[in-house]
Amino acid sequence: MTITMPKTYNIAVLKGDGIGPEVTDATIKVLEALQDSSQNLKFNFLYGEAGYHCIETYGTNLPEETITLLEQQDACLKGPMTTPETPGAPVSAAVKIRKMFKLYANVRPCRSFPNVKALKPNIDLVVVRENTEGMYSGVEYEVAPGVGVALRIITRKASLRVAEFAFKLAAKRRKHLTYVHKGNILRITDGIFKDAVKEVSLKHPDVTIDDIHIDAATMHLIKKPESFDVIVTTNLFGDVISDEAAQVTGSLGLAAGANIGETYGMFEPVHGSAPKYTGQNRVNPIATIMAGSMMLDYLGEKEPAAKIEKAVMNVLGEGKVRTADLGGSSTTTEVSEAIASKVKSL
Ligand code: NAD
């Protein structure tokens, strides 16, 4: 008799701030249900501290111990974190991790969900956001009292890298890529970005390309979101339009994101820590649960990833268990329990 050992993954878990612990715990519950119902899959969850809540104890929002923990695991599941807005406060822990681990592509799928009221039907798009530079380079000065300058750093190297990622993704989907920029105003920085996209497009003749200014893109996302397949753009534009696209498909509470580099991946909801809802057990955990599914897909576990997705779709499709953002009254716990039990039954 042959005994098959389960494939074991070590997952760093950062619960984050605000609603982070609630949506992360909900996701762990679903991953554990998957593990319980599978002979072939095992997870070791290794918890680390990061975010606003640990500044007082550690003097930083990303302690050295956490960086070491992240380095040693297969991937990271991250809850949202609060970032103080005062000048001189620690830079966002998410931004630090993205830069430190060179997680250059922020992949944010947005699509129609069953039984979820969206602005338009049949939406299925992915925003690929450059994740390491642009307006998030963190270089900002007050050059004279009342005069501030922020550096928007765009390099050919990072633009080529993210463009290549987006083209490869588009090639596996509907073979349509839209690059979003503001090249009419930001001629040098977005000129570099546009040139890089056009250069990479020569290697992918099967993918048709369109370019569109960011202001027009926000309008088209409302007017005809179903016309987009893959969108590639710079850091800040990508952050803004992925929140917009998420709401167009129903709720920010459904939108998951992957931060992908050459050797590491971090998975998180698109939304933030929504501090006003902390501890109320009422927010939607599906964004983080879907981030868990994206993490499994990244690890090569296609079937378990699809199982989580199917469980989410089934629970939404049945329409009985849904949080307030989707017009229901279920708690975060009830939604995660319904999805976990569906995972076990599939
Ligand atoms: P937010 O995404 O936290 O919340 C905006 C609104 O979206 C909420 O008030 C709520 O109405 C809705 N929402 C968000 N998540 C939801 C969920 N799971 N279910 C239902 N509704 C949900 O954005 P914000 O208020 O701009 O930011 C709050 C904090 O989060 C800030 O400190 C910000 O820096 C941080 N943030 C962190 C990340 C990250 O860790 N990656 C991302 C974005 C914002």
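Val149 lies in strand β7 (strands, of at least two E residues, and helices, of at least four H or I residues, are DSSP runs numbered from the N terminus). The model is predicted, so local features need pLDDT of at least 70 and side-chain atom pairs pLDDT 80 or more, while totals for chains, interfaces and linings use all residues. Residues are numbered from 1 along each chain as its sequence is written, and side-chain values use heavy atoms, without hydrogens and water.

Two residues are listed with their relative accessible area; partly exposed lies between buried (under 20%) and exposed (over 50%), with a 1.4 Å probe and protein chains only.

| Residue | Relative accessible area | Class |
|---|---|---|
| Val149 | 31% | partly exposed |
| Thr68 | 35% | partly exposed |

Thr68 belongs to helix α3 (residues 64-72).

Val149 is one of the residues of a nonpolar surface patch, together with Tyr141, Val143, Val147, Leu151 and Ile153, and their accessible area together is about 480 Å². Strands β6 (140-144) and β7 (147-150) each give two or more residues to this patch. Such a patch joins nonpolar side chains (Val, Leu, Ile, Met, Phe, Trp, Tyr) within 5 Å, or like charges within 9 Å, from residues with over 30% relative accessible area and no salt bridge (a Lys or Arg side-chain nitrogen within 4 Å of an Asp or Glu carboxyl oxygen). Accessible areas follow the Shrake-Rupley method with a 1.4 Å probe, and for residues only the protein chains shown count as cover.
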